[in-house]
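Hello,

Here is the structure we talked about handing over. Please open it alongside this message; my notes follow below.

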Amino acid sequence: MTLPDERVDAPASAPPARARRMLAPVGTLLGVGLAWVAVAWADPGDGGASWCPFRTLTGLDCPFCGATRASAALARGDVVGSLDHNAFVVLVVLPLAVLGWVGWARRAWRGELFPPVATRLVVALMGLTAAWWVLRLAVPWLGSAAA
C-alpha cells in the first residue's frame, strides 16, 4: 500500500510516457523524410508513365498532379521548378502539413489530446482544392506540364 504522497514509478522495462507519445510523430517525420529523399534521388521527370490514376484514366490533371515532381524539385532546392510542377502543393499543402505535424508533436510532447478538426476547415480546404483544380484545368500554363 502506498501513501497518497508517494509516487509509484513505472516498471523499469516500460518506456517513459513522453517517449511513447512521441513515437508516432517522430516515426511519421522519419518516414516522410525517407520518402522525400527517395523521391529526390529517383528524380521523377516529365516523361514516362504517370503515377496518377486519374490522369492515366482521363488524360487530365488532378489537383495534385505534379506533386511528386514538385517535392523532388523542392528537395533539390529548386523552388521555382517545384512551383512550376504544382504551386498548390508547395504553397498550401506542404505548409499545412508542416503546421499540422508541429501541432501534433507539440501536443504529444505535452500529453494533450489533439482537438478534432473543424468541419468548416475541412469544407474550406475541399473548396480551395476544387477551385485550384478548376483553375489549373482552365489555365493551360498552370497544368503539371507532364508529357
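Helix 1 and helix 4 cross with a left-handed sense. This is a predicted model, so please read everything here as computed from it. The axes of the two helices, helix 1 and helix 4, come within 8 Å and cross at roughly 165 degrees. An angle over 145 degrees counts as roughly antiparallel, so helix 1 is roughly antiparallel to helix 4.

Which residues meet there? From helix 1 come Arg-18, Arg-21, Met-22, Ala-24, Pro-25, Thr-28 and Leu-29. From helix 4 come Trp-101, Trp-104, Ala-105, Ala-108, Trp-109 and Arg-110. By class, this contact of helix 1 with helix 4 has nine nonpolar residues, one polar and three charged.

Take a look at Trp-101, in helix 4. Neighbours within four places in sequence aside, Trp-101 is in contact with Pro-25 and Leu-29. Leu-29 is 72 residues away from Trp-101 in sequence, yet their C-alpha atoms are 8.2 Å apart. Is Trp-101 buried, partly exposed or exposed? Its relative accessible area is 24%, so Trp-101 counts as partly exposed. The buried class would need a value under 20%.

**The overall layout**

The protein has five helices and zero strands. From the N terminus on, the order is α-α-α-α-α. There are 147 residues, and 23% of them count as buried.

**Helix 3 and its partners**

Helix 3 covers residues 67–75. Its buried residues are Ala-67, Arg-69, Ala-70, Ser-71, Ala-72 and Ala-73. What do they pack against? The buried residues of helix 3 pack against helix 1 and helix 4.

Start with helix 1, residues 17–42. Its axis comes within 8 Å of the axis of helix 3, and the two cross at roughly 90 degrees. That makes helix 1 roughly perpendicular to helix 3. Trp-36, Val-39 and Ala-40 make the contact from the helix 1 side. Thr-68, Ser-71, Ala-72, Leu-74 and Ala-75 make it from the helix 3 side. The contact of helix 1 with helix 3 has six nonpolar residues, two polar and no charged ones.

Now the other partner. The axes of helix 3 and helix 4 also come within 8 Å, and they cross at roughly 105 degrees. Angles from 65 to 115 degrees count as roughly perpendicular, so helix 3 is roughly perpendicular to helix 4. Helix 3 brings Ala-67, Arg-69, Ala-70, Ala-73 and Leu-74 to this contact. Helix 4 brings Val-79, Gly-81, Ser-82, His-85, Asn-86, Val-89, Val-90 and Leu-94. By class, the contact of helix 3 with helix 4 divides into eight nonpolar, four polar and one charged.

After helix 3 comes Gly-77, whose phi is positive, near 90 degrees.

**Two more positions to look at**

Val-93 lies in helix 4, which spans residues 79–110. Leaving out residues up to four places away in sequence, Val-93 touches Phe-64 and Phe-88. Val-93 has a relative accessible area of 30%, so it is partly exposed.

Asp-43 is in the loop between helix 1 and helix 2 (53–58). Its relative accessible area is 41%, so Asp-43 is partly exposed too. The exposed class would need over 50%. Asp-43 and Arg-76 are 33 residues apart along the chain, and their C-alpha atoms are separated by 9.4 Å.

**Charge pairing**

How many salt bridges does a search of the whole structure find? It finds one. Arg-107 pairs with Glu-112, and the closest N and O atoms are 3.0 Å apart. Arg-107 has a relative accessible area of 28%, so it is partly exposed. Glu-112 is at 36%, so it also counts as partly exposed.

Best wishes

Methods
Residues are numbered from 1 along each chain as its sequence is written. This is a predicted model: local features need pLDDT of at least 70, side-chain atom pairs count only at pLDDT 80 or more; totals for chains, interfaces and linings use all residues. Side-chain values use heavy atoms; hydrogens and water are left out. Helices (H or I, at least four residues) and strands (E, at least two) are DSSP runs, numbered from the N terminus. Buried means under 20% relative accessible area, exposed over 50%, partly exposed in between (1.4 Å probe, protein chains only). Contact means heavy atoms within 4.5 Å. Axes are lines fitted to C-alpha atoms, for helices over the stretch in contact, and angles run from 0 to 180 degrees between N-to-C directions. Angles under 35 degrees count as roughly parallel, over 145 as roughly antiparallel, 65 to 115 as roughly perpendicular and the rest as oblique. Ala, Val, Leu, Ile, Met, Phe, Trp, Tyr, Cys and Pro count as nonpolar, Asp, Glu, Lys and Arg as charged, and the others, Gly among them, as polar. A salt bridge is a side-chain nitrogen of Lys or Arg within 4 Å of a carboxyl oxygen of Asp or Glu. A crossing is left-handed if the near helix is turned anticlockwise from the far one by less than a right angle, and right-handed if clockwise.
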